[in-house]
Amino acid sequence: MQTRRETLQRSVAVAGLLAAAGFPQFAQAAFNKTAFEAKSVPDAIKATGAATLLESKDVILTAPDIAENGAVVPMGVSTALPGVKHLLLLVEKNPLALVALFHSSESLENNFLTRAKMGQTSDVYAVAVMADGKALWAKKEVKVTLGGCGG
Amino acid sequence: MADPMRIRAQAAGDKATVRVLMSHEMETGQRKDAAGKIVPAWHIQEVTATLNGKPVLSAEWGPSVSKNPFLQFVVKGAKAGDKIAVTWKDNKGDSRTDEATVA
Amino acid sequence: MNTKISCVIAALAVALMEVGCASGPSVAELNTLTDSIIKASFRSEGIAKVERVTATDETNRACSQADVAGVPLDEKTAKAIEESNFKSIRWPADGQFLGDWKQGEAIAQSGRGLTWTDEATGTNGGNCYNCHQIDKKEISYGTIGPSLYNYGKIRGVNDPKSPEAKLMVEYTWGKIWNAKAYNACSNMPRAGHMGILTEAQVRHVVALLLDPQSPVNK
Amino acid sequence: MSLAKLTMQKTLSLALTFALCAGAAAPALAQKTTSQGIDEYRAMLADGNPSELFEAKGEDLWKKARGPKNATLEKCDLGQGPGVVKGVFVTLPRYFADTQRMQDLESRLVTCMETLQGLNGAEIAKTPFGKGEQSNVTALATWIASESKGLKFNLPQAHTQEKTFYEVGKRLFYQRGGTHDFACASCHGEEGKRIRLQDLPVLSQNPGDGVGFAAWPAYRVSNGQMWSMQLRLNDCYRQQRFPYPGFGSNATIALSTYLGVNAKGSVSVAPALKR
């Protein structure tokens, strides 16, 4: 595709911009390997820099009660609380619990929506990791059904 | 080679909702092929976005994000005509950037 | 009109005799044309051999034609089909009709086997939940067939080994083995007759439906 | 559960997930039926159908000079004259005088790729779905279908072959076979039925707007693939335990003609999002 070269150039330019703009988390954009390789929900949350885990109704998890297919399960995390460092989405019974980590930013609302794979019916967690080291969470069970002819 | 993303950015009030579809396999690293060999993980690892060149979004993804991923986020202070650029980078080092104009 | 039809026929390379039809091809011609299109369009792939559609049996041929016509089979033809299918039922060699309902449940859940992407050596499923409600705990069930929840209970089978239960046990076996023995053009596959399930598997499915311990009868 | 309910109501107040509103407004969330739950799930996915990725790819392919003849497909005649894309999807399959045969969108695209671009049509037809040029055909079909979104199906039935293929298609629809005696009609012949949790449209009549023939090509959520009508039929036949229908074979085109004519007046929503 003719856009290939263009794309690469632009990527380099963006990386430069990110570094120059003085956003350390952007410039490094380091992938938190430990958190994404954690097998359990608490381990994954702690690996993102949280010390204490607290259930909170100020963290909003958006997910369906039932998913027709585990390959694509819509889920979102949001909160109106101030002092958020980053937001997480996790699926308890997935082999690796952490799905996504969104860094909080001045320019964004703390509100993200994506879609994840789920191997089976499981609790889904939305977490807000706060600047003070607290991890505030909300959870919900999402049922994954068997679909189609099973063939 | 990666196919283009589809980015839609819709302004409402003093913010814009950005919806992105990315073309990616998002292989989990848990699946076995026909010969019984584990298919290695291949997934988008970092997603970043800029508003008129200024960084706004930074996210990290694991292999559990669905194939051909969808992402929605809300940019404060974005208005019609502004440029939103989204970049993803996967664990094999491939990357792709696409741009859209806020409507 | 006639030239138009021969044109169609020529284009499709179908060897049909010229017939004086005034308004398009006749039913017989269309049937022949369909057969030739089927022959030219399908091919064997893996374990799914082309004969599965080019050489279907009399039961399928008669029922397909009735469906196209939108008229049910006449009673005599239906009876004859049911009788010939009934004769094909293989009853359990050792007289044991009931197996393990737990294995029966696994068979009922599975929809695997016999497609062109399946291996000949694989274990086939019964596809049961695709069309029937069975165990109440499974919410993902189909509705093409009737609900089988409480199948044995509703039919008063408290002890499948008792003489009173004999008829119902045999019917259940027969229905799974060859559904067309009881209803000529049933939508239900002939699990035993067509080699979808083994004798041991049929036993397990019968147990799923009739064993008082099975969740079906709770 | 009460936490989930709270969560939902909060979400509502933020007015971010409009798709959820119907579900969250109901006081007793726990009493929601399975099918309501599934509807809610589908609504959440409706915004952001990955088929858009394939539309973009298809449009690109249409306008790009490719093949030994280094030509675009912009002169391709899909039935309404060279280059006309808008509205053609809801009129296919139809009879084409130049090839003297009935063709559906995909087989017609292959004809154009052969005549205009010099690509090998027989090779493309043999290529498995999702691979090489075959995946390009799917992307092209996805874009072309999207250009008829909201239009009503209206397949021509004037030519003798068009009528004949409808009749042959009807016979194929009711053709029982394979190891399971399944016909298309086994699952799609009666009102109000479902397989597992999937509702089954009745395809021997008009199933309504955006249902059945009016929904494909569609993005399949279960495997993350874009499925064309040819692949849809191919996989129906696979699950029916039939042998393999050739790509663009007369059987698949006759069956499509039957389904398409039955859908007359229904609004196309293709490319749709499917389980």
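Chain D meets chain B through 8 residues, which are in contact with 9 residues of chain B; contact requires C-beta atoms, placed from the backbone, within 7 Å. By class, the chain D side comprises 3 nonpolar, 2 polar and 3 charged residues. Ala, Val, Leu, Ile, Met, Phe, Trp, Tyr, Cys and Pro count as nonpolar, Asp, Glu, Lys and Arg as charged, and the others, including Gly, as polar.

The model is predicted: local features need pLDDT of at least 70 and side-chain atom pairs pLDDT 80 or more, while totals for chains, interfaces and linings use all residues. Residues are numbered from 1 along each chain as its sequence is written, and chains are lettered from A and ligands numbered from 1 in the order in which they are written.

The largest nonpolar core holds 153 residues. Such a core joins buried Ala, Val, Leu, Ile, Met, Phe, Trp, Tyr and Cys residues through C-beta atoms within 7 Å; buried means 20 or more other C-beta atoms within 10 Å of the residue's own. Leu90(A), Leu98(A) and Val127(A) touch the most other members. Beyond four places in sequence, the contacts of Leu98(A) include Phe36(A), Leu88(A), Leu90(A) and Gly62(B). A second, separate core of 28 residues includes Phe97(C) and Trp177(C).

In chain D, 3 strands form an open, mixed sheet in the order β6-β5-β8. Strands are DSSP runs (E, at least two residues) numbered from the N terminus, and pairing takes at least two bridges. β6 (225-227) and β8 (272-274) of chain D each have a single partner strand, so one side of each lacks a neighbour in the sheet. β5 (218-220) of chain D pairs with β8(D) in the parallel sense over 3 bridges. There, Ala218(D) stands opposite Ala272(D).

Conventions:
Helices (H or I, at least four residues) and strands (E, at least two) are DSSP runs, numbered from the N terminus. A residue is buried if 20 or more other C-beta atoms lie within 10 Å of its own, exposed if 12 or fewer, and partly exposed in between; C-beta atoms are placed from the backbone. Two residues are in contact if their C-beta atoms, placed from the backbone, lie within 7 Å.
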